[in-house]
Amino acid sequence: MPETIGLHSFILSHFLLTGAVVFALGLVGFLSRRNLIVMFLCTEMMFQGVAISLVAFSRYHANDTGQTFVIFVLTIAAAEAALALGLVVLLFRRKRTLDALAWSQLHG
Amino acid sequence: MDDRAIDIARLIPWLPALSAVVCGVCCTSRKLRVLAAPVCIAAIAAAFVLTLKAYPHVFDDHGHGVFHVSWLFTWIRVGGFTADMSYYLDPLTMVMLIVVTGVGTLVAIYAAGYMAGDRGYARFFAAVSLFIFAMTTLVMADNLVLLYLGWEGVGLCSYLLIGFYYDKPSAVAAAKKAFIVNRIGDLGFALGIFLTYHQFATVQFSELFQILATQPSEASTPVQIIPFLLMLGAFGKSAQLPLYVWLPDAMEGPTPVSALIHAATMVTAGVYMIARLFPLFELSPYALPTVAIVGTATALFAATIAMCQYDIKRIYAYSTISQLGYMFLGLGVASTTAAVFHLLTHAFFKALLFLTAGSVMHSLAGQLDLRHMSGMRRKMPVTCWLMFFGCLALAGFPFTAGFYSKDMILADTLQKGLTGHSTLYTVLAVAGLFVAFLTAFYTFRLWFRVFMGPTKYEMGQEHGHGADHHPDGVSSDIKVEHHHEPHEVNWLMNAPLLVLAAGALLAGYLAHHWIGDMIQGSSARPLRQAIGAHGAAHHATLFGMDLHLAMMYISSVIAVVGIATAAYFHWLNRGAADRVAAKWAGLVRVLANKYYVDELNDSVIVRPLRFIGYLCFVFDRLIIDGLVMTVGFVPRMFGLALRPAQRGALQGYGIGMATGTAVVVLLVLMVYF
């Protein structure tokens with residue numbers, strides 16, 4: 001039944017792979033960039049990677065709990081984004097730069 | 001109707017408890033502070049009124065004493081053990097409640113004036129209210145555990161109030177001394193309670209007395225030990241040998257506290273406890289003689305020290321110890337009536353004496369040294385005569401309160417000596433008479449020195465009770481101004497003293513039959529060895545007279561001679577006193593230094609304990625701490641080695657986390673596949 005080709009023909013591993021790719025991109029971005037805002041965006045990306053896996057599993061097991069959980073994660077991520085950006089603005093005002101290395105006094 | 005008044009009596013301890021809370025709240029604000037005194041006075045006075053309302057209910061229709069147990073709430077119930085918050089009301093409780101709440105009200109009124117302007121005004125009344133709560137709980141308790149609660153409560157309040165001027169090192173030291181010395185006695189008391197429960201399976205008085213009434217006269221050894229353990233607690237609280245050392249130092253507290261707690265009420269708790277548990281003390285043939293001997297020895301010991309002290313409050317402190325010794329002598333000869341009678345009269349006249357001493361101190365800016373004041377009667381006539389009446393009662397001058405009660409103790413002792421042909425009690429009675437002479441002498445030595453002779457005085461260091469440490473706005477300015485000259489205290493302070501003076505003069509005459517009925521109708525009635533202060537056993541005679549009558553003549557003569565001797569040496573011919581003192585310089589030095597008991601205690605007990613404490617300290621530092629430090633050293637070294645890995649760069653930490661996670665994931669994969 002060719003007309004049913006759609007989401008149904010994708011299998012679980014496709015979604016998991018997508019999630020893993022998004023997560024890995026975020027991780028690489030976080031490790032390689034020194035701009036605080038970009039680093040922050042990368043962490044958000046890692047979040048979304050995990051969220052994709054959760055939704056995929058939820059769908060696979062026909063259990064809505066995972067999707068509910070993702071809704072919560074998104075809400076909290078939004079709140080946290082507001083807070084984190086505020087912090088970034090404060091950090092910027094202190095040093096007039098967004099470079100993460102400017103904040104390295106706390107070394108052992 | 002009957003039950004209602006008795007039920008209301010359950011509120012007696014709780015009104016002062018409420019007042020303690022309210023006064024505690026008053027501490028928080030300067031505006032509220034003045035409210036503390038009225039609240040405290042009202043609560044104690046209300047407790048007194050409730051006592052009077054409950055009073056008729058402890059007698060049956062024929063006027064015989066009965067007891068009521070008034071249950072308030074369940075406190076401790078574990079297995080078969082019951083100790084509830086419930087009250088035992090009998091005539092002995094009523095006598096004690098009248099003393100505690102009556103004298104308490106008068107002292108609180110006096111203190112409202114005396115403590116005015118002190119920074120701790122509200123704190124003082126909170127502690128006094130708490131004290132009245134604890135003391136009424138103590139005398140109303142229907143079981144030993146509740147009695148112990150009150151007992152420790154009064155100890156705590158005593159500690160708080162001795163150390164009231166907490167910025168004065170001597171007051172803090174005195175407070176600690178009182179607390180620690182009392183611990184020694186209280187340990188004995190606690191063990192006594194344990195043993196009582198172990199032997200009789202109850203700590204409730206009503207059940208205990210029922211069991212004791214049917215006990216065989218030959219009690220088992222553990223039972224015979226109980227009174228000795230309880231006795232230890234009584235000796236600590238009532239400042240008897242060898243645990244008396246805390247009471248003279250306790251005079252560091254404010255004077256109303258000395259009057260209320262350390263003269264009239266708390267220190268008599270030991271006397272009350274023995275009277276209350278008298279059936280227990282009768283179980284051992286040695287317990288009561290021990291009480292009598294310790295009491296007499298204390299009376300003699302403290303009276304001799306009082307002869308050579310110069311601090312007015314300390315003289316009264318030693319006098320209190322000595323008078324408590326009399327009460328123990330009374331208990332020891334199974335004359336509980338006389339002991340409680342002396343407790344009652346002593347509460348009146350000793351509170352009066354302390355409060356008048358406080359007035360002198362108030363007016364001389366803290367001066368308490370006999371050598372630095374003389375002829376004060378012209379400056380403070382009212383205080384002079386009030387103290388005179390107190391001194392008469394303490395000296396046992398005929399028909400004053402102290403005369404009746406002291407005579408009853410001495411006559412009962414002598415009667416026990418003569419009728420039982422016991423040399424011991426005869427000797428104790430003679431020693432008691434000698435103490436009566438010393439009492440009359442030292443009491444009037446003080447009075448003649450302070451109020452008679454040429455007017456001379458040196459002001460003390462304080463501008464009114466610590467008000468200079470605690471400047472308190474306007475009131476302290478007024479104080480400083482009127483402290484340039486000794487002055488009579490105001491009538492707020494003198495009015496309660498008038499009541500006390502009336503008690504000191506008349507209580508003995510009015511109460512000497514009443515008290516007998518009260519005690520004979522309570523658990524303090526001697527069951528086994530009744531010598532019957534007013535009973536049928538009256539056949540001893542002396543000089544062909546009834547013994548009590550003869551004793552009245554003897555002690556009148558002794559009191560008058562003592563007063564006359566004091567008048568000669570300390571009023572009419574003060575030079576002679578100095579010559580006598582110079583002749584007996586060695587003795588005077590020993591007495592002035594209180595037989596070096598504090599020094600002895602210091603070298604025999606305190607120093608060795610301090611040394612042991614030092615050894616423990618060294619052990620703790622070297623061995624215990626050393627072990628802990630070694631254990632702590634290893635992780636410290638790890639930390640030192642790993643610390644450079646933290647370089648402060650955010651990416652560095654990120655790589656560390658990612659690598660760590662990757663390693664964990666790899667390990668998991670390797671294990672599963």
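Reader: What is the angle between the axes of helix H19 and helix H23 of chain B?

Author: The axes of helix H19 (residues 423-451) and helix H23 (residues 547-572) of chain B cross at roughly 35° and come within 8 Å. Axes are lines fitted to C-alpha atoms, for helices over the stretch in contact, and angles run from 0 to 180 degrees between N-to-C directions. Helices (H or I, at least four residues) and strands (E, at least two) are DSSP runs, numbered from the N terminus. This is a predicted model, in which local features need pLDDT of at least 70 and side-chain atom pairs count only at pLDDT 80 or more, while totals for chains, interfaces and linings use all residues. Residues are numbered from 1 along each chain as its sequence is written, and chains are lettered from A and ligands numbered from 1 in the order in which they are written.

Reader: Is the crossing of H19(B) and H23(B) left-handed or right-handed?

Author: The crossing is right-handed.

Reader: Which residues make the contact of H19(B) with H23(B)?

Author: Among them are Phe437(B), Phe441(B) and Phe444(B) of H19(B), and Ile554(B), Ile558(B) and Trp571(B) of H23(B). Two residues are in contact if their C-beta atoms, placed from the backbone, lie within 7 Å. By class, this contact has 15 nonpolar, four polar and two charged residues. Ala, Val, Leu, Ile, Met, Phe, Trp, Tyr, Cys and Pro count as nonpolar, Asp, Glu, Lys and Arg as charged, and the others, Gly among them, as polar.

Reader: Why are H2(A) and H3(A) called roughly antiparallel?

Author: Helix H2 (residues 36-60) and helix H3 (residues 65-95) of chain A pack at an angle of about 175°, with their axes 10 Å apart. Angles over 145 degrees count as roughly antiparallel, under 35 as roughly parallel, 65 to 115 as roughly perpendicular and the rest as oblique. H2(A) and H3(A) are therefore roughly antiparallel to each other. The residues of their contact divide into 16 nonpolar, four polar and one charged.

Reader: Why does Ala62(A) count as exposed?

Author: Ala62(A) has 6 C-beta neighbours inside 10 Å. Ala62(A) is found in the loop between H2 and H3 of chain A, and has a positive phi of about 50° although it is not a glycine.

Reader: Why does Tyr595(B) count as partly exposed?

Author: Tyr595(B) has 13 C-beta neighbours inside 10 Å, so it counts as partly exposed. Tyr595(B) lies in the loop between helix H25 (585-592) and helix H26 (597-642) of chain B. Its phi is positive, about 60°, although it is not a glycine.

Reader: How many of the residues of chain B count as buried?

Author: Of the 673 residues of chain B, 51% count as buried.

Reader: What is the mean pLDDT of chain B?

Author: The mean is 87, and 93% of the residues of chain B reach 70 or more. pLDDT is the predictor's confidence in each residue, from 0 to 100. It stays under 50 over residues 464-483 of chain B, and likewise over residues 531-537 of chain B.

Note on methods. Buried ≥ 20, exposed ≤ 12 C-beta atoms within 10 Å, placed from the backbone. Left-handed = near helix turned anticlockwise from the far one by under 90°.
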